[in-house]
Amino acid sequence: MRMLSVLLFLGTVAFVMSFTNARRSSVGLTSDQIVINIDDREGMLFLDRWDLLRMLKDLGADTLGNTRVEELDLKTVESEIIKNPYVRSAEVYTTLDGMLYVNLQLRKPIVRVLHANGMGNYIDEDGEYVPL
């Protein structure tokens with residue numbers, strides 16, 4: 001009897017998950033399904049939601065409904081976002097309901113350096129150079 005209960009429970013879970021996966025695979029990604037959390041830590045917003053949406057589009061996340069969430073290589077998206085000189089760290093993941101989450105922590109500049117040629121940059125709290 002206990003074995004029958006376990007099998008019934010597992011069957012129900014598999015049944016519900018199949019509907020979730022079918023819904024996710026049939027729906028294309030839209031900008032409403034992308035949640036971007038930016039921790040700018042001091043109000044110095046070097047990047048905003050629109051910058052990130054453009055970056056995601058360049059990485060293959062077409063937000064007009066042509067790209068499905070499971071088609072994205074999340075590790076590649078995350079590593080490309082981290083290459084941006086204003087980004088200190090990034091976390092990219094999806095949820096079962098088809099949402100794409102992008103959590104960013106931006107660099108915090110502490111010093112502005114101006115060179116004799118008029119060019120310059122910032123230095124952040126980690127000692128990294130950040131462009132003006």
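Tutor: Helices and strands are runs of residues assigned by DSSP and numbered from the N terminus, and with that in mind we can read this structure, which is a predicted model.

Student: How many helices and strands are there in the protein?

Tutor: The protein has three helices and six strands, and, when they are read along the sequence, they follow the pattern α-β-α-α-β-β-β-β-β.

Student: Where does D124 belong in that arrangement?

Tutor: D124 is found in strand 5, which covers residues 120-124.

Student: Is D124 buried or exposed?

Tutor: A residue is called buried when its relative accessible area is under 20%. D124 has a relative accessible area of 1%, and therefore counts as buried; in the protein, which has 132 residues, buried residues make up 29%.

Student: Which polar contact does the side chain of D124 make with another side chain?

Tutor: For a polar contact, we look for a pair of N or O atoms within 3.5 Å. The side chain of D124 makes such a contact with the side chain of R107, at 2.8 Å, and a polar atom of the D124 side chain also lies 2.7 Å from the backbone nitrogen of E128.

Student: Which residues is D124 in contact with, leaving aside its neighbours within four places in sequence?

Tutor: With those neighbours left aside, D124 is in contact with R107, K108, P109, I110 and V130. For the protein as a whole, among contacts with a separation of 6 or more, residues 24 or more positions apart account for 47%.

Key. Residues numbered from 1 in each chain as written. Predicted model: local features only at pLDDT ≥ 70, side-chain atom pairs only at ≥ 80, totals over all residues. Heavy atoms only, no water. Helix = DSSP H or I, 4+ residues; strand = E, 2+ residues; numbered from the N terminus. Buried < 20%, exposed > 50% of the residue type's maximum accessible area, 1.4 Å probe, protein only. Polar contact = N/O pair within 3.5 Å; in protein donor to acceptor, adjacent residues only side chain to side chain. Contact = heavy atoms within 4.5 Å.
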